[in-house]
Amino acid sequence: MKLKFKQQSFQEEAARAVVDVFAGQGQNGGLEYVRDSQRSILSGWGNAPLGLHMTSEKLRENLHAVQKRNGLPCSTGVVDPQNMNLTIEMETGTGKTYTYIKTMYELNKHYGWSKFIVVVPSVAIREGVAKSFAVMEEHFAEEYGKKIRHFIYDSGNLEAVKNFASDNSIHVMVINSQAFNAKDAGRLIDKEHEKFNWRKPIDVISENRPILIIDEPQSVEGPQTKKRLEIFKAFLTLRYSATHKEDSLYDMVYRLDALDAYNQKLVKKIYVKGITASNEGGNNGYVYLAGIKLSKGAPKASIGYDCKKENSIGKKLSLLSEGDNLYELSGHLEAYKDGFRIKSILGTENSVEFVNGIKLYHGDVHGEASEDARAEIQIRETIRSHFERERALFDMGIKVLSLFFIDKVAKYRQYDAAGQASRGLYAQHFERIYNEELEGWKKELEADSSYARYLEAIKAENTHAGYFSVDKKGRMIDSKLKDKKERTSEDVDAYDLIMKNKELLLDRDPVRSPVRFLFSHSALREGWDNPNVFQICTLKKSASNVLRRQEVGRGMRLCVNQYGERMDENSLHVDVHSVNKLTVIASESYEDFARGLQSELAESIKGRPIAVTPKLFEGRTITSSDGKKWKMNDTTAFQICMQVVNNSWAVMQADNYELTEKYYEDRKIGKVIFQDHFETYSDSICEILDTVYNGNALKPENARDENVEVKLDKAKRDSAEFKELWELISPKTVYSVDFDTEKLVENAVAYINEKLNITGMYFTVERGSLEEIKSREDLQAGKAFTQGKSEKALPQAISPCKLKYDLIGKIVDDTGLTRKTVVEILTRISPDKFAMFKKNSEEFLQSVASLINEKLADAIVEKIVYTKLGTNYELADVFPIGTPQKGKLGKNTMPTAHHLYDHLIYDSDIERKMCEELERHSDMVVVYAKLPKKFSIATPVTKKGYSPDWAIAFKKGMVKHVYVVAETKGSTKDADLRGVEKAKITCAKKHFEAISGTDTVFHQVTSFKELHDAVAN
């Protein structure tokens, strides 16, 4: 298997941010001959310095332009052309290494610079970076037509340093900070070497004036190392990290932080399974609630408890019902004598209550829980989560991996005096629990299913492996810590083993690659990851000083399938976070882990805006759904803010307008749509609003809340009624448009004359008085003045605008119409409307273009024609068997009898109510399905297509139209629907008319009653 890489816009933007700082430098002179300053001889090629025309002022101008473009505060310091420092912030798992390799290529392409040094904090990251250069080599060679030569600095291989200096191709040296930062006696890089013509390696390297790239500068740049970096004589230093230190930010040119990465679905969504201990150390018996099983009958609870065995007391896990008594089940252990009979099992809240009043929630442990008992619980929960994710992703060809971090190798592998290996305690626990859980899964799977056969082909003892350091005899040993505070390791062999097996681990063939569970030392937490790690479990005695963010970092990257293709938004669309879920099996409660992780993430994004103000939009460029650009000024920024407030998407909190839950809910279901000329720019405006700090977005989900597995009802899917419905609605179409230009001109002119209104400049005069000074604090807080009346004052004369506008050209750019058509519209509008151009030129241009676009959309939709393609959506692709989803019963999931699945996961209250009505009217509804986003209709007004909500089959004879596709909205009045929404509805109607005539009808409704009225007649 070979990993595949593809261009991603955010990585291109990060590279362009660096390149554009040097706009004007030019390609000439990117390299120049370098002389050995001590011997005055030519020693190779080095990066040429910046041209004399690239002054501090020119560079600062470029820097500010880049920072404004990327929504960053402009730097205030002096830019030194001889020692530039730029900062790039990229969240873990978003391809930081890929980005700086691409940046090297771009700097070489634009300016000819070719000598780079990557400085890393540890052997771990060094090995990972070197591996990345190797696996990405062909990918970048295809794009740029050349390969980067890279090597790891080794004082024993100075020939590589010589080649680095003499070669004129792109050459990269990877070096860990210890190699040049050791104590004086150990600095081989500073010493003259006989085999190196009595030269010092650092002299040869620094003569090349390299560009430094510091990977994880917060770990590299201590006071001593920061000083030592000067020996490289770099004219440019680029710093890449997700967690820059505040005092080392320098000039930031690009930021993709944790919130950006999550909002843009560039990393996995985090779920947490916590373990909560109650009455620990008491005399009551051990009880662990492992889960609630919901089925058609009464719910059952999976409970762990102590039980008498032949000669000992051991732990047992059983599926129990209300009325079951642990005292009897345990063999009459005294610890369970007092009221441990199950009183109730509640699936809606994942809880069990005993008659003695003790109530446990999913994941709770009551009574004495030793370190060993906790480890068993965590291993079991990891295996359970693994099976759930594996089955859900199996038909997509995705290998699922789980990762255990342990603190001592002896817990996984032990050796006797002769060196013979045996399983450690955790390995024993794993194999026993794996087999127990596997038996339970086999009962739920069809024996001949491909997943069942896959499980059958892998034995417990073959599906786990240890990734540890080894000694000279090949025995696994504990990793040596490079830093007791950070608790990370320098062991080359352990990282080498992990990195070499990266592609093999992703292979799902059970013979070639049966390993799915990885055990590794807790010190090996940085410098490597595997995209298909879906579960991470840290087995440890107690909470350590290791950051939770570091703990989840090894599994944040989006997964790949068996073809090496990244499962991102381009591949999965809206299902990215349905597939890419990282579950952390924590050794603490969900609340504690979530609170700690949120705190760490919040610390890393504290530079974000916290309020919605016009300044959030001023100077920013927004993009319409059809690619048109619009730069915001203070007027348009204020108008956007007013719409945000008026729609209750932001409310005043502590003197700031903060985004509300309504905004986030509407955003999730695509209901944040702005009015008037901002409508087609809604998505772009939302992207800016998403940059406002939102602590809840960073909160991981509680994995135990998803207590219902939503399963496809194969009988309903294969029913005659649904098959007939599917045959009618599954054909795909293509559209074409041919509209009347003269009619468009007439409609646009009339619409502009009716709607155009440009606000002229005015001032607000506010009066106030200083009546009394009560305290110094009132003066400092600005509370001493009493505000009086305010009134609007119009200026007596307005100075003519000194800016020159290409009036026609601007509207042509924003509408896509010809200059002739735009001239025709402008010459026909009434003189008083055209005179509004003088009031506010920028607003006039945008408003006129927006009004024309509304009529253009109407014209397109009016004349749009859909034609069947001859291909259909495959039923098995849209509604696959064997890929169950999970929902939260009572929160976003409800049981159903007539839906295609046994439960429905709803996105809004409107959908929930519609489902309730469909279920209530079982006398006329045979079967219905909530259509997924992958079932979409192509339209000229939306890039991603339009997906209706429901497909419904009514009983024949009950209604006139048996087969229906429906969209549920809050309102169906034309006045309440904006241009794009109306256009989508019209397109959907014409699409279904084209594929099935009158056999299937499309309706937009607010309730079942409206739907029934529409199909009954």
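# Reading burial, pairing and charge

Author: Helix α32 is largely enclosed by the rest of the structure, because 17 of its 23 residues are buried. Here buried stands for under 20% relative accessible area, exposed for over 50%, and partly exposed for what lies in between, with a 1.4 Å probe and protein chains only. This is a predicted model, in which local features need pLDDT of at least 70 and side-chain atom pairs count only at pLDDT 80 or more, while totals for chains, interfaces and linings use all residues. Residues are numbered from 1 along each chain as its sequence is written, and side-chain values use heavy atoms, with hydrogens and water left out.

Reader: What span is expected of helix α32, and what does it reach from its first C-alpha to its last?

Author: Helices (H or I, at least four residues) and strands (E, at least two) are DSSP runs, numbered from the N terminus. The expected span is 1.5 Å times one less than the number of residues. For α32, which covers residues 841–863 and has 23 residues, the expected value is 33 Å, and the helix reaches 33 Å, so by this definition the two are close.

Reader: What makes Lys-855 and Asp-858 a salt bridge, and where do they lie?

Author: A salt bridge needs a side-chain nitrogen of Lys or Arg within 4 Å of a carboxyl oxygen of Asp or Glu. The side chains of Lys-855 and Asp-858 come to 3.2 Å, N to O, and therefore the pair meets the definition. Both residues belong to helix α32, 3 residues apart, which is about one turn of the helix. An α-helix has 3.6 residues a turn, so residues three or four places apart point the same way. Asp-858 has a relative accessibility of 37% and therefore counts as partly exposed.

Reader: How many salt bridges does a search of the whole structure find, and why can the pair of Lys-273 and Glu-381 be said to tie together separate parts?

Author: The search of the whole structure finds 54 salt bridges. In the pair of Lys-273 and Glu-381, the closest N and O atoms are 2.9 Å apart. Lys-273 lies in strand β10 (residues 269–273) and Glu-381 in helix α13 (residues 371–393), so the pair ties together parts that are 108 residues apart in sequence. Lys-273 and Glu-381 are both buried. A further pair is Glu-706 with Lys-581, whose closest N and O atoms are 3.5 Å apart. This pair links distant parts of the chain, with Glu-706 in the loop between β34 (701–702) and β35 (708–710), and Lys-581 in strand β29 (residues 581–585), 125 residues apart. Glu-706 and Lys-581 are buried as well. Salt bridges also link Glu-376, Arg-380, Arg-384, Arg-432, Glu-436 and Glu-437 in a network.

Reader: Which residues touch the most other members of the largest nonpolar core?

Author: A nonpolar core is a set of buried Ala, Val, Leu, Ile, Met, Phe, Trp, Tyr and Cys residues joined through side-chain atoms within 4.5 Å. The largest has 52 residues, of which Phe-22, Leu-86, Val-118 and Leu-238 touch the most other members. Its largest share, 7 residues, comes from helix α3 (residues 96–111). Apart from this core lies another, of 38 residues, among them Leu-712, Ile-905, Phe-935 and Ile-985.

Reader: Why is Lys-716 called buried, and what does it touch?

Author: Lys-716 has a relative accessible area of 18%, so it falls under the limit of 20% and counts as buried. Contact means heavy atoms within 4.5 Å. Not counting residues up to four places away in sequence, Lys-716 touches Phe-722, Ala-897, His-898, His-899, Leu-900 and Val-927. Lys-716 is found in helix α25 (residues 714–717).
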